Amino acid sequence: MQFIIKPLCCVTIYVSFKEFCLFIYDNMIWLVLFQYHLGRGHIGASMKAKLYNLLEHRASECRYFVIPVWRGSGYTTMFVQVQMPHILFTGLEDYKARGTQAAPYFTVTFYKEFAETKDLVLIRGDVVFTSKLTDSEAEWLIETVQSFYLNDVRYKLVERFNKETHDFEFKDVLQALNMPIL
């Protein structure tokens, strides 16, 4: 008996029952993740376990950073707190005003349950204040914070922010992101 799998690309694939079951099992992870994350304010993503381990290691040494989010003709700056397996994003001005009492605009949680068996870490993002952050901005923040923690050149800026604060220049972050210095 053969089963037909018709992916979105409109190519028909004929597979055995065993192959069909393996396909369903492997893709069930994605189905469950994205089914849950349908709708405004919920982001779903994944990353390789090796990259997550690097992120986790670097985050243990450097827990804080700042990332600008471009809006129109300027940007708003997000204060990033990494407390693995969570990352919290708060408006920098709110953080300055309220400190640790400032509410996060966006939270990210990493799930390592499939790290060993599938080499996969699932990522769930929740926009807490949808009035302050769009889904596309939230997705961009996940990608950008990973780029700063996982890219050796960009990570030097994170280290400087955490360990050599007096030498940190925000304009270097803007330049790394190809944003104009205002």
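**Figure 1. Arginine 160 and its partner in a salt bridge.** Let's start with arginine 160, which is partly exposed, with a relative accessible area of 23%. Keep in mind that everything here comes from a predicted model. Arginine 160 forms a salt bridge with aspartate 172, and their closest N and O atoms are 3.2 Å apart. This pair ties together distant parts of the chain: aspartate 172 sits in helix H7 (residues 170-176) and arginine 160 in helix H6, 12 residues apart.

**Figure 2. Glutamate 61 reaches lysine 163.** There are 10 salt bridges in the structure, and here's another one: the side chains of glutamate 61 and lysine 163 meet at 3.8 Å, N to O. Again, distant parts of the chain are linked, with glutamate 61 in helix H2 (residues 49-61) and lysine 163 in helix H6 (residues 152-163), 102 residues apart.

**Figure 3. The six-stranded sheet.** What order do the strands of this open sheet follow? It goes S3-S8-S7-S6-S5-S4, and the pairing is antiparallel. Strand S3 (42-48) and strand S4 (64-71) are the edge strands, so each pairs on one side only. On average, neighbouring strands are turned by 25° against each other, direction ignored.

**Figure 4. Strands S7 and S8, with a look at threonine 107.** S7 and strand S8 (residues 120-127) pair in the antiparallel sense over six bridges. If you find tyrosine 111, its bridge partner in S8 is leucine 122. Threonine 107 lies in strand S7 (residues 106-111). Why does threonine 107 count as buried? Its relative accessibility is 19%, and buried means under 20%. Leaving out residues up to four places away in sequence, threonine 107 touches Ile87, Leu88, Arg124, Gly125, Asp126 and Val128.

Figure 5. H2 lies across S3, strand S5 (74-83), S7 and S8, and runs at about 100° to S3. Helix H5 (residues 135-150) lies across S3, S4, S5, strand S6 (86-91), S7 and S8. H5 runs at about 140° to S4.

Technical notes. Residues are numbered from 1 along each chain as its sequence is written. This is a predicted model: local features need pLDDT of at least 70, side-chain atom pairs count only at pLDDT 80 or more; totals for chains, interfaces and linings use all residues. Side-chain values use heavy atoms; hydrogens and water are left out. A salt bridge is a side-chain nitrogen of Lys or Arg within 4 Å of a carboxyl oxygen of Asp or Glu. Helices (H or I, at least four residues) and strands (E, at least two) are DSSP runs, numbered from the N terminus. Buried means under 20% relative accessible area, exposed over 50%, partly exposed in between (1.4 Å probe, protein chains only). Contact means heavy atoms within 4.5 Å. Two strands pair if DSSP finds at least two bridges between them. Axes are lines fitted to C-alpha atoms, for helices over the stretch in contact, and angles run from 0 to 180 degrees between N-to-C directions.
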